[in-house]
Amino acid sequence: MTSLVSRLGFPSDAKAIILNADDFGMCHAANEAITEMLVGGHLDSTTVMVPCAWAPEALAFAAANPTLDVGVHLVLTSEWSRYRWRPLTGIGSTLVDADGYFPADVRSVEENASVADVAAELAAQLEAALHAGVDVTHIDNHMGSVYGLHTGRDLLGPVFELAVRHGLPFRLPRVVEGTEFGADLQPVLDRATQAADAAGIVILDRLWTHPFALAGEGTDAEETYEQVRDGFLELLRAVPTGVTEIYLHPMVDSAELRVAVDHSSSKRGYERRLLADPVVHQTIEEEGLIRIGWRALRDLQRR
């Protein structure tokens with residue numbers, strides 16, 4: 001198969017990256033940072049968590065700015081202890097915990113969610129974004145709840161059906177290298193990528209990020225902004241040939257965010273800061289990284 005980067009019209013040895021912000025719509029702090037980064041050209045794309053309380057603000061922004069790349073962050077989990085969200089399809093399903101919210105952990109989804117309930121919910125989330133007037137460029141998944149990370153039972157079938165029906169690429173990496181996934185997930189990815197290729201769904205070569213949590217939080221050894229940035233620069237310097245999405249969670253480190261999340265609000269603020277940091281952009285240029293958006297992958301799939 002011809003490489004993805006070549007199919008996109010770049011030299012076969014090109015190193016293309018997509019800087020994506022997850023969790024658009026989760027809270028106002030996320031919306032404020034992500035809209036700022038998108039408009040400023042510091043992000044290439046973002047994905048909306050449609051079931052969350054601040055999704056209407058995010059969807060309205062996306063509808064009003066159709067040239068920006070905005071996808072749907074398909075949600076089956078609700079991980080924070082004080083701020084929770086529920087399925088669009090209601091609480092009478094296999095998708096909720098005892099309190100009527102999405103479960104906090106991925107294992108619970110893999111063990112308890114029925115395929116029919118997953119299919120209905122994910123379709124409802126995508127349809128809500130389309131109904132809001134968003135020119136959806138791609139779909140991805142919150143916390144990797146459809147990949148089969150913990151039990152090997154994936155829920156990719158309903159996702160692939162949506163991707164084919166709507167002509168949307170999906171954030172699925174071909175290799176576990178550089179991801180938070182364990183090596184034992186590679187056979188799952190091999191089967192999934194074969195199915196995606198057979199269905200004509202455009203997927204990534206790699207999916208990278210840096211650690212979600214702020215190392216040493218609350219101690220004398222707490223990570224500084226400079227340490228977070230330096231780690232991110234090392235990641236950029238390691239990007240190989242092909243198409244790699246690098247996803248972050250930039251947010252305004254505000255009182256709202258600190259109440260909503262259980263930890264690492266400072267790191268969300270650091271990620272907002274590093275995306276606009278001239279040193280980051282200088283490193284991207286020095287490393288010859290080509291920034292692209294998901295719209296290019298969607299156009300390729302639809303051709």
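I began with the helix pair: α8 passes α11 in a right-handed crossing (the near helix is turned clockwise from the far one by less than a right angle). This is a predicted model, where local features need pLDDT of at least 70, side-chain atom pairs count only at pLDDT 80 or more, and totals for chains, interfaces and linings use all residues. Residues are numbered from 1 along each chain as its sequence is written, and side-chain values use heavy atoms, with hydrogens and water left out.

Next I looked up the geometry. Helix α8 (residues 225-237) and helix α11 (residues 278-286) pack at about 15°, with axes 10 Å apart. The two are therefore roughly parallel (angles under 35 degrees).

Then I listed the contacts (heavy atoms within 4.5 Å). From α8, Arg229, Phe232, Leu233, Leu236 and Arg237 meet Val279, Val280, Thr283 and Ile284 of α11. By class, I noted 6 nonpolar, 1 polar and 2 charged residues in this contact.

Which residues of α11 are buried? I found Val280, Thr283 and Ile284 (buried is under 20% relative accessible area, exposed over 50%, partly exposed in between, with a 1.4 Å probe and protein chains only). They cover an arc of only 100° around the axis, so they sit on the same side of α11. Their cover includes β1 (15-24), α8, α10 (265-275) and β7 (289-291). The face turned away carries exposed Pro278, Glu285 and Glu286.

Last, I checked backbone angles. Most residues other than glycine have a negative phi. Asp23, not a glycine, has a positive phi of about 70°; Asp23 is in strand β1 and is buried at 4% relative accessible area.

Terms used
Axes are lines fitted to C-alpha atoms, for helices over the stretch in contact, and angles run from 0 to 180 degrees between N-to-C directions. Helices (H or I, at least four residues) and strands (E, at least two) are DSSP runs, numbered from the N terminus. Angles under 35 degrees count as roughly parallel, over 145 as roughly antiparallel, 65 to 115 as roughly perpendicular and the rest as oblique. Ala, Val, Leu, Ile, Met, Phe, Trp, Tyr, Cys and Pro count as nonpolar, Asp, Glu, Lys and Arg as charged, and the others, Gly among them, as polar. The arc is that of the directions from the helix axis to the C-beta atoms.
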